[in-house]
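Biologist: Walk me through this one, feature by feature. Give me the general idea, then the case at hand.

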Amino acid sequence: MTGGALIVLALGAVAATAALAAIRLARARTTADRLLALQLLVVKAIAALFLMAAGLGAEALAETGLVLALLGAVTAAAFAQGSRGVGR
């Protein structure tokens, strides 16, 4: 297999697991479950961006993935602070 074929195969695997994460998001009952499923979708989006950056040689896609990772981390931290009642 060539490098491009492996990237396409990996993107397919990421898309399949993202679909499963979307199902989990739809079936989540609590806010924490929904946030975790959404975080998983963010990780899948980041993986897809990095794979596309590697396949296309587009550095901007990798930088976008890094920004998305930082935003996901901030979101999780804000939720954790809010769920503990800190700052209220």
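Modeller: Start with exposure. Residues under 20% relative accessible area are buried, those over 50% are exposed, and those in between are partly exposed (1.4 Å probe, protein chains only). Now the ground rules. This is a predicted model: local features need pLDDT of at least 70, side-chain atom pairs count only at pLDDT 80 or more, and totals for chains, interfaces and linings use all residues. Numbering starts from 1 along each chain as its sequence is written, and side-chain values use heavy atoms, leaving out hydrogens and water.

Biologist: Is Gly55 buried, partly exposed or exposed?

Modeller: Gly55 has a relative accessible area of 48%, so it counts as partly exposed. Gly55 sits in helix α2.

Biologist: What share of the chain counts as buried?

Modeller: Of its 88 residues, 18%.

Biologist: How many helices and strands are there?

Modeller: Both are DSSP runs, numbered from the N terminus: helices are H or I with at least four residues, strands are E with at least two. Here the chain has three helices and zero strands. The order from the N terminus is α-α-α. Turn to overall extent. The radius of gyration is taken over C-alpha atoms, and the globule rule is 2.2 Å times the number of residues to the power 0.38. The chain comes out at 16 Å, well over the 12 Å from the rule for 88 residues, so it is more spread out than a compact globule. Along the principal axes, the C-alpha atoms fill a box of roughly 55 × 30 × 15 Å.

Biologist: At what angle do α1 and α2 pack?

Modeller: Axes are lines fitted to C-alpha atoms, for helices over the stretch in contact; angles run from 0 to 180 degrees between N-to-C directions. Under 35 degrees is roughly parallel, over 145 roughly antiparallel, 65 to 115 roughly perpendicular, and the rest oblique. Helix α1 (residues 3-27) and helix α2 (residues 31-56) pack at about 165°, axes 9 Å apart. They are therefore roughly antiparallel. For residue classes, Ala, Val, Leu, Ile, Met, Phe, Trp, Tyr, Cys and Pro are nonpolar, Asp, Glu, Lys and Arg are charged, and the others, Gly among them, are polar. The contact of α1 with α2 has 17 nonpolar, two polar and four charged residues.

Biologist: How do α2 and α3 pack?

Modeller: The angle between α2 and helix α3 (residues 59-84) is about 165°, with axes 8 Å apart. So α2 and α3 are roughly antiparallel. By class, the contact of α2 with α3 has 17 nonpolar, six polar and no charged residues.

Biologist: Which residues does Leu68 touch?

Modeller: Contact means heavy atoms within 4.5 Å. Leu68 touches Val42, Ala45, Ile46 and Leu49, leaving aside residues up to four places away in sequence. Leu68 is in helix α3. With a relative accessible area of 27%, Leu68 is partly exposed. Between Leu68 and Val42 the C-alpha separation is 7.4 Å, although they lie 26 residues apart along the chain.

Biologist: What percentage of contacts join residues at least 24 apart?

Modeller: Take contacts in the chain between residues at least 6 apart in sequence: 43% join residues at least 24 apart.
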